[in-house]
Amino acid sequence: MLPDWTVIGFTGHRNLGDQEAAAQSISAALDALTARFGSISAISSLAKGSDTAFVRELARRKIPFRLVLPFPKERFMADFEPKDWQDVEPLLTQAIQVEEVTGTESDEEAYMDAGIRIVDLADVIVAVWDGQPADGLGGTGDVVSYARALHKPLQCLNPVTGEETEERYEQLPKNARVAGWNGAPRLAVEKRFQQLDTSASHDAPAARGLIHHIVLLHLAASAAGLIVLSLDIQGAAGYILGALEVVLLGTALLLTIRHHRKHEQWIRTRIEAEICRSFLATWPVRTKITRLPKLAIQGFERIMRNLQLAQQMDRSPLSSLECACHEYLHGRVEDQIVYFTRQGQEAQSSLRRLRRLAIASTTTAALLALVHFVVEFFGLEGTAVRLTGLLSITLPLVSAALLSLILTQEYSRRASRNREMVLMLGEAAERLNAVRTWNGLAHIAIETEEGLLNEAVEWHSFSQFVSQPH
């Protein structure tokens, strides 16, 4: 099992009256957070004052941390006295990742964008804050307001009164204590991938098989009812067929409930397996990756972040560019080309087979309906006549059942995706209501458009498929 990291984001005042007291309150807060959440990592700026005290405490405890600097390093140095910078600079080398804010029009915007980035990437925010509004854009009060707008759990340490307050901590579960990477994060990820892939491969045929059984049970129940009506069966035989119809429909209902749970489990496990596969594929270039892939579906943020931390905590040197390129090309790209080619051929073959059966059922039903009309027109009677009527009614159900096997799972997926898109856009709306800089707006807009374009591509493929004659 992979460690489930809780990410602690930090913001705080640069000018502190009692730096020693602030450092002690930060240390106590980290003690409590570690006890509560187990495996923790952190993300912070490295501005002078409380940010530096926080990062220094992280380094002392060997807690993995990322840094978001409001400026490039050369400009950032100017905020420190030379002697202070000599103490701060080594902390940069201990970070598992250093990100720099660029493209801002003022120092205030740069600090605000750094604070927004920290809040966006954190599960919990710790703030050394006196409770007063910020004097200008980018102050601690602004970052706290942004965290509140996003409903982030928040712990405030007041450097003036010494008071500590917590907000929304109840929405965070305590993490189970899981062993760390033991110096081999990639091996841990590979092991987890194998577990997920095996589980998903086992669940897939079971979920698909349940759909087939449900369709067949509905078809059999309909046929049982039609036999009674069309052949005018009376007495014990009629009661038996009626009871059989009830049993078949009841079984179909139970399988439908079971399928919902099995399908949800299969889909989640398969997506998590593919996320692990993606991170393993990009492992050879892990230190060159500047952003996570944006997944246009909600609910998988924690596993992606945990995998990103695994990559960042692997300090082994990269292979040469040529080797990394070769590994990714042959181990990922070409492998996926083969996989999707095979899957496409199998899907097309199944689609053709089901369409042929559906057309044959409909054609046969039409012919039998014509025969039944003719024999009734001439007043013929008998079991054969009733049988042609029964088949002319039943066979269209077979055709409909075959077409439902083609379409049902696609419609189910679309319904689920629509719900996920609403969640994604709702989160974007909350962030847009709270954002206060051009960079922050651009960042949210890019992420949102990425999700919408992803959805548009999927919708286009779906629309093309549905518009084809079945």
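1. In this predicted model, strand E1, helix H1 (residues 19-37) and strand E2 form a β-α-β unit, and the unit is right-handed. From E2 the chain goes on through helix H2 to strand E3, and this β-α-β crossover is right-handed.

2. Strands E1 and E2 run parallel and are joined by 4 bridges. Glycine 9 has isoleucine 43 of E2 as its bridge partner. On the other pairing, E2 (residues 40-44) and E3 (residues 65-69) run parallel, with 3 bridges between them. Here isoleucine 43 stands opposite arginine 66 of E3.

3. How many of the 5 residues of E2 are buried? The count is 5 of the 5, so E2 is largely enclosed by the rest of the structure. Ile40, Ala42 and Ser44 point one way from the strand, while Ser41 and Ile43 point the other way; all are buried.

4. Aspartate 314 lies in the loop between H9 and helix H10 (321-377). Is aspartate 314 buried or exposed? Its relative accessible area is 13%, under the 20% cut-off, so aspartate 314 counts as buried. The side chain of aspartate 314 makes a polar contact of 2.8 Å with the side chain of tryptophan 283. Apart from neighbours within four places in sequence, aspartate 314 is in contact with Pro185, Arg186, Trp283 and Arg286.

5. The count of aromatic pairs comes to 5. One of them is formed by phenylalanine 71 and tyrosine 111: the ring centres are 5.4 Å apart and the planes stand at 90°, so the pair is edge-to-face. This pair links distant parts of the chain, 40 residues apart, with phenylalanine 71 in the loop between E3 and helix H3 (73-76) and tyrosine 111 in helix H5 (residues 107-121). Both partners are buried: phenylalanine 71 has a relative accessibility of 5%, and tyrosine 111 has 13%.

6. In another aromatic pair, the rings of phenylalanine 80 and tryptophan 85 have centres 5.5 Å apart and planes at 50°, so this pair is tilted. Phenylalanine 80 is buried at 10% relative accessible area, and tryptophan 85 is buried at 6%. Ring pairs join Phe80 and Trp85 with Phe76 in a cluster.

Methods: Residues numbered from 1 in each chain as written. Predicted model: local features only at pLDDT ≥ 70, side-chain atom pairs only at ≥ 80, totals over all residues. Heavy atoms only, no water. Pairing = 2+ DSSP bridges. Helix = DSSP H or I, 4+ residues; strand = E, 2+ residues; numbered from the N terminus. Buried < 20%, exposed > 50% of the residue type's maximum accessible area, 1.4 Å probe, protein only. Right-handed = clockwise from strand over helix to strand, strands pointing away. Polar contact = N/O pair within 3.5 Å; in protein donor to acceptor, adjacent residues only side chain to side chain. Contact = heavy atoms within 4.5 Å. Phe/Tyr/Trp six-rings, centres within 6.5 Å; stacked < 30°, edge-to-face > 60°.
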